[in-house]
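Morning, everyone. Please have the sequence and the model open while I talk. I'll take a few places one by one.

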Amino acid sequence: DISFCAHTILSAEPLIVLNATEDDRFKFSDVVTGTQQIKFYAGAPIIITDIQTKRTFGVGSLCVTDTNSRDSFSAEEIKMLQTLAGYVVVALEKRAKERERAEKEATVAPEPEVSPLEAVEERALVLKKCMAFTVRKVDETCINLIAQKLKPSVHQAGEYLTRKGESGDPMYFLASGSCICTLNGHELERLGKGQCFGEVGIINMCKMKSTGIESDDARTRCVRAADVMALERCEVLALNFEDAWPLMRKVPNLWYTLQDIAKQRMLRVSKEGGGSSRTQSRAGSFRAR
């Protein structure tokens with residue numbers, strides 16, 4: 001190969017050609033004899049290091065050309081050329097690292113966001129401000145007892161927390177953000193900080209349990225009657241049926257308040273659904289939100 005750059009890449013040192021017409025390596029090159037009429041060439045190799053193998057190899061050159069020959073190219077000018085080539089190497093290696101990092105991030109699923117409500121004390125503060133605990137006064141000892149059983153989670157905008165037809169376990173207390181409850185595409189209500197949802201399912205499961213029905217059977221028969229979707233980033237506290245069952249008997253004020261909330265919601269669901277939504281088919285499945 002009689003090209004300037006091919007010779008430059010093969011060496012670790014800059015290639016300086018003061019007069020190509022007098023250099024046996026290049027005097028017959030098309031860039032010298034053709035329309036470009038290159039007479040002077042100064043090029044520094046661009047050598048990069050493979051991130052994985054740590055091997056170095058030339059990928060190109062940074063060069064200066066002229067149609068006029070020169071008598072000299074100083075050491076200072078050569079150093080400037082090498083410095084500029086070094087900048088190119090840094091930019092290329094940075095781009096390679098960014099590409100490698102992007103590929104790794106694309107193959108690794110993002111870790112779920114950790115809720116700041118991991119501490120029992122923080123969960124208890126949330127409960128004290130929830131309507132279900134303020135309508136009828138709930139003893140602070142009972143609130144702390146419930147807070148110990150709650151499981152915090154974070155949900156992003158557009159994420160469904162409940163879907164119609166799914167099991168009615170668990171119920172949720174909304175610590176921050178807002179949600180929308182819909183049935184068959186129609187809005188039933190907006191839910192904000194301090195409200196709860198899913199209580200219908202927990203109440204019906206507890207009633208079934210009190211009559212001797214097994215827990216698994218109660219979960220199967222109690223299904224949600226509507227969808228609840230996060231409108232923005234939401235923090236929620238979940239109370240599952242197994243924890244709620246013993247707690248409800250210890251905290252009757254909470255039980256009565258949840259029953260009141262459930263009655264109002266079931267009326268809305270019944271109205272939107274065009275009839276009673278308390279039972280489902282001959283199996284007698286309770287409909288829960």
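Let's begin with a question: does Thr-182 count as buried or exposed? Keep in mind that this is a predicted model. Now the answer. Thr-182 has 17% relative accessibility, and the cut-off for buried is under 20%, so Thr-182 counts as buried. Where is it? Thr-182 sits in strand S7, which covers residues 179-183. And what does Thr-182 touch, leaving aside its neighbours within four places in sequence? Its contacts there are Glu-187, Leu-188, Ala-226 and Asp-227.

Next, strand S12. Find residues 234-239. How many of the six residues in S12 are buried? Six of the six, so the strand is largely enclosed by the rest of the structure. Look at the two sides. In a regular strand the side chains alternate between the two faces of the sheet. In S12, one side carries Cys-234, Val-236 and Ala-238. The other carries Glu-235, Leu-237 and Leu-239. Both faces are covered, and these residues are all buried.

Which strands pair with S12? One is S4, residues 151-155. S4 pairs with S12 in the antiparallel sense, over five bridges. To see one of the bridges, go to Val-154: its bridge partner in S12 is Glu-235. Another is S6, residues 171-176. S6 also pairs with S12 in the antiparallel sense, again over five bridges. There, Leu-174 stands opposite Val-236 of S12.

On to two helices. H6 spans residues 140-149, and H9 spans residues 241-250. How do they pack? Their angle is about 175 degrees, and their axes are 11 Å apart. An angle over 145 degrees counts as roughly antiparallel, so that is what H6 and H9 are to each other. Who makes the contact? From H6, we have Cys-142, Leu-145, Ile-146 and Lys-149. From H9, we have Asp-243, Leu-247 and Lys-250. By class, the contact of H6 with H9 has four nonpolar residues, three charged ones and no polar ones.

Last stop: Asp-217. Look for Asp-217 in helix H8, residues 215-221. Its relative accessibility is 35%, so Asp-217 counts as partly exposed. Asp-217 and Met-205 are 12 residues apart in sequence. In space, they are 9.1 Å apart, C-alpha to C-alpha.

Note on methods: Residues are numbered from 1 along each chain as its sequence is written. This is a predicted model: local features need pLDDT of at least 70, side-chain atom pairs count only at pLDDT 80 or more; totals for chains, interfaces and linings use all residues. Side-chain values use heavy atoms; hydrogens and water are left out. Buried means under 20% relative accessible area, exposed over 50%, partly exposed in between (1.4 Å probe, protein chains only). Helices (H or I, at least four residues) and strands (E, at least two) are DSSP runs, numbered from the N terminus. Two strands pair if DSSP finds at least two bridges between them. Axes are lines fitted to C-alpha atoms, for helices over the stretch in contact, and angles run from 0 to 180 degrees between N-to-C directions. Angles under 35 degrees count as roughly parallel, over 145 as roughly antiparallel, 65 to 115 as roughly perpendicular and the rest as oblique. Contact means heavy atoms within 4.5 Å. Ala, Val, Leu, Ile, Met, Phe, Trp, Tyr, Cys and Pro count as nonpolar, Asp, Glu, Lys and Arg as charged, and the others, Gly among them, as polar.
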